[in-house]
Amino acid sequence: MDLVQESYHRIPDGRTENQETVPAPSEGPVPAPSEGPGPGESGQEGLERMTALPAVATMGTSQHLDGAQWLARLGTGRVYMMGDNPALPPMPDRPTLADFFRLRLSQDRFTGLHLIHSARRARALDLGDTVVTACLLHDIAVGGLLRSHHGHWGAQLVAPYVSEEVAWAIRQHEILRFFPDATVGYDYPQAYNAFFGPDYRPPAHVRRAYHEVRAHRWYMTARLVTLNDLYTFDFDPAEEVDISEFEDILGRCFRQPREGLGFDGSPVAHMWRTMIWPNNFL
């Protein structure tokens, strides 16, 4: 397979097939779990809840603190946040992809609208469901997880729910965006001269990956993502991050788990939960 995609299947006792069976005690009652906080509660009510920026976001900057510095901030009535952040809209119990766009990617409105406009253009050009879906999701990691290697993170995030071709195109658009293809009218983005400087050159691993991607059977799928990767900066101020117009395409191309994204036991469920609770200390 071109993109490693772990398969998993529910079996009657609630485990997945790649989990080990934990034997039940041979005798005695099973203790009931302790009752946790109620809906909308974290168990931290009345305390000052602090947030700690993740190391990957601060490493190499003046904002980077080591573990001892983070712990030194604790004090009477001061704790690190776990659970819902009241500054963010709460997510439903079984969140859908549309919920993540509306309630999380909307926090980066520019990126959310960028995805919608890219998919809208691909649909107008009648490029098919696969390309439209890849365009709609190609920068999902930028708006919800990480910018660095965003194509790889985004592909991993959606791989259990889309076709292998869609996930591959999302991953490889990150590589192809740096390399022109005159045969389809793709030029190096002028915006990159401002982003990275006019003399920037992609590193060696990216150049090697380009040659592999160029020879792949799905090359044009990923290339079409770059062709519709619009660098538009003049969105309508009244436009909302709403993907309902793509409901029919996503119904065919995105396998929404009935338990909700983040709670289906998939290999990437933790990534969706990270977007639900992005400010948890652990």
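The structure is a predicted model, in which local features need pLDDT of at least 70, side-chain atom pairs count only at pLDDT 80 or more, and totals for chains, interfaces and linings use all residues. Residues are numbered from 1 along each chain as its sequence is written, and side-chain values use heavy atoms, with hydrogens and water left out. The protein chain has 13 helices and two strands; helices (H or I, at least four residues) and strands (E, at least two) are DSSP runs, numbered from the N terminus. Of its 282 residues, 39% count as buried, where buried means under 20% relative accessible area, exposed over 50%, and partly exposed in between (1.4 Å probe, protein chains only).

**Contacts and core**

- Among contacts between residues at least 6 apart in sequence, 72% join residues at least 24 apart; a contact means heavy atoms within 4.5 Å.
- The largest nonpolar core has 57 residues, and those with the most contacts inside it are Leu-97, Phe-101, Leu-137, Phe-246 and Trp-272. Helix α8 (residues 164–176) gives the most to this core, with seven residues.
- A nonpolar core is a set of buried Ala, Val, Leu, Ile, Met, Phe, Trp, Tyr and Cys residues joined through side-chain atoms within 4.5 Å.
- In soluble globular proteins, nonpolar side chains tend to be buried together.
- Not counting residues up to four places away in sequence, Leu-97 touches Leu-137, Ile-140, Ile-243, Leu-250, Phe-254, Gln-256, Leu-261 and Trp-272.

**Helix α5 and Leu-137**

- Seven of the nine residues of helix α5 (residues 129–137) are buried: Val-131, Val-132, Thr-133, Ala-134, Cys-135, Leu-136 and Leu-137.
- Leu-137 is in helix α5 and is buried at 0% relative accessibility.
- Leaving out residues up to four places away in sequence, Leu-137 touches Leu-97, Phe-101, Leu-115, Val-158, Val-162, Ile-170 and Phe-254.
- The C-alpha atoms of Leu-137 and Gly-151 are separated by 9.6 Å, the two residues being 14 residues apart along the chain.

**His-117**

- His-117 lies in helix α4 and is partly exposed, with a relative accessible area of 21%.
- Leu-230, Phe-235 and Glu-239 are touched by His-117, not counting residues up to four places away in sequence.
- His-117 and Leu-230 are 113 residues apart along the chain, with their C-alpha atoms separated by 7.5 Å.

**Pockets**

- On a 1 Å grid over the protein atoms alone, a pocket is an open set of points where a 1.4 Å probe fits, with protein on both sides within 12 Å along at least five of seven lines; lining residues have an atom within 4 Å of a point. Grid points are joined across faces, edges and corners, and a volume is the space filled by probe spheres set on the points.
- The largest pocket has a volume of about 890 Å³. Of the 33 residues that line it, the closest to its centre are Pro-54, Gly-144, Leu-145, Thr-274 and Pro-278.
- Helices α1 (55–58), α6 (140–144) and α13 (269–276) each supply at least two residues of the lining of the largest pocket, and α13 gives the most, with five residues.
- The lining of the largest pocket has 20 nonpolar, 11 polar and two charged residues. Ala, Val, Leu, Ile, Met, Phe, Trp, Tyr, Cys and Pro count as nonpolar, Asp, Glu, Lys and Arg as charged, and the others, Gly among them, as polar.
- The second largest pocket has a volume of about 570 Å³. Its lining comprises 25 residues, of which Arg-147, His-150, Arg-177, Tyr-192 and Phe-196 lie nearest its centre.
- By class, the lining of the second largest pocket has 13 nonpolar, seven polar and five charged residues. At least two lining residues come from each of α4 (109–124), α8, α9 (190–196) and α10 (204–214).

**Aromatic pairs**

- The whole structure has 16 aromatic pairs. Rings of Phe, Tyr and Trp (its six-membered ring) pair if their centres lie within 6.5 Å; planes under 30 degrees apart count as stacked, over 60 as edge-to-face and the rest as tilted.
- The rings of Trp-70 and Tyr-80 are edge-to-face, because their centres are 6.3 Å apart and their planes at 80 degrees.
- Trp-70 lies in helix α2 (residues 67–71) and Tyr-80 in strand β2 (residues 78–80), so this pair ties together parts that are 10 residues apart in sequence.
- Tyr-192 and Phe-196 also form an edge-to-face pair, with ring centres 5.1 Å apart and planes at 65 degrees.
- Tyr-192 is buried at 2% relative accessibility, whereas Phe-196 is partly exposed at 38%.
- Ring pairs link Phe-178, Tyr-188, Tyr-192, Phe-195, Phe-196 and Tyr-200 into a cluster.
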